[in-house]
Amino acid sequence: VSVTWTIRVTTDGFRFIDALNGKNAESNGCSASCGAGTHDNPWRSTSDMYHHGQGGEVVYFRSGTYVVTDLPRSGVGSGWDRVEFAERTRPVIWLAEPGHAPVLDFAYKPDIEVGPLIRFTGPNVYVDGFETINSHIIAFQTVSGPMTGPTFRRMRMHAHGPALEGANAAFIMTTTDSRPAQGMVIQDCEFWDVQTSVTIKIYAQNKLLIEDTVHHQTGTAIELKDDIRQFTVRGNTFYDIKDIAIGGNMHEGTTHGEILYNHPRAGIALDLNQDGMAGPIHVYRNTFVGRIRVRNTDSNDGSFYLSENVIVSGD
């Protein structure tokens, strides 16, 4: 049986931003010959997207630098200085256009006490192909809950901090919720140049995957915190880590999963069960250069299974 059909390929549902050659949108710094966010007449800034984009749209970013402080903010001057992107009203799928290298500048400077974060809410958050610079406490925060978790791919995130004490500071951080999100992915990213902060800090996720990422020039890298069910941390590389490569408070017994095929080089390559509340964790086929620490165990914790690892430690 042979069947013939056609597929119509259009730019419907897609928006385009070009920091170098685009134009500001109408009523956003432009009154004539304004940008429309189309392929041939792109917007110029993320502010254009914020004011004129719609929920469900896919936004392609072309090369150039996009400054986050151009966006409307809540909590200015506080530790939760932020820009809100809720999927019901605004685009949350941000992609680097193929062949382009967009940069998101969070515009933190040492003489400014705090700087903004971007907070995403919605089940289809997808951010792919950006370099980020000058973030302060948090760069991207996603709101957890009974929905599909976010995806961050091919990110190059650096120049972060110094952060405020106790602020859950990280390049990527998820909020707590009694109902975890499903299927968060952080993949093929690089994180470096971090002051008094960590690279990734996770709460309330089910079936989290952190894979093929690189972490360096930081005190602590990945922190697995509260209620992370069936997580997989796989194939990641860590070096020039002063304190801990893979760890976290692991507040809840529901935090359980697997750590495999990683290559951490750190003072403490792996830190399990900091608060004595983690569930079963399988650790296998990693190459650890540094100490492995399992803390505060009793009959309610674990079990922790370590097998077929290479461990290189001076202790």
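Predicted model: local features only at pLDDT ≥ 70, side-chain atom pairs only at ≥ 80, totals over all residues.
**View 1. Trp94 in the largest nonpolar core.** This core holds 59 residues, and those that touch the most other members are Phe85, Trp94, Phe120, Phe140, Ile186, Ile259 and Ile281. Leaving out residues up to four places away in sequence, Trp94 touches Met49, Val59, Phe61, Phe85, Leu104, Ile118, Phe120, Tyr126, Val127, Asp128 and Phe130.

**View 2. Another core, of twelve residues.** This core lies apart from the largest one, and its members include Val114, Leu117, Ala169 and Tyr203.

**View 3. Strand β24 and its pairing with β22 and β26.** Strand β24 spans residues 263-272 and is mostly covered, with seven of its ten residues buried. Strand β22 (residues 237-247) runs parallel to β24 and is joined to it by five bridges. Strand β26 (residues 287-294) is also parallel to β24, again with five bridges. Ile268 of β24 stands opposite Ile244, and its bridge partner in β26 is Arg291.

**View 4. Asp81 in the loop between β3 and β4.** The loop lies between β3 (64-67) and β4 (82-86). Asp81 has a relative accessible area of 0% and is therefore buried. Its side chain makes a polar contact with the side chain of Arg73, at 2.6 Å. Neighbours within four places in sequence aside, Asp81 is in contact with Arg73, Ser74, Gly75 and Val76, and also with Val114, Gly115, Pro116 and Leu117.

Methods: Residues numbered from 1 in each chain as written. Heavy atoms only, no water. Core = buried A, V, L, I, M, F, W, Y, C linked by side-chain atoms within 4.5 Å. Buried < 20%, exposed > 50% of the residue type's maximum accessible area, 1.4 Å probe, protein only. Contact = heavy atoms within 4.5 Å. Helix = DSSP H or I, 4+ residues; strand = E, 2+ residues; numbered from the N terminus. Pairing = 2+ DSSP bridges. Polar contact = N/O pair within 3.5 Å; in protein donor to acceptor, adjacent residues only side chain to side chain.
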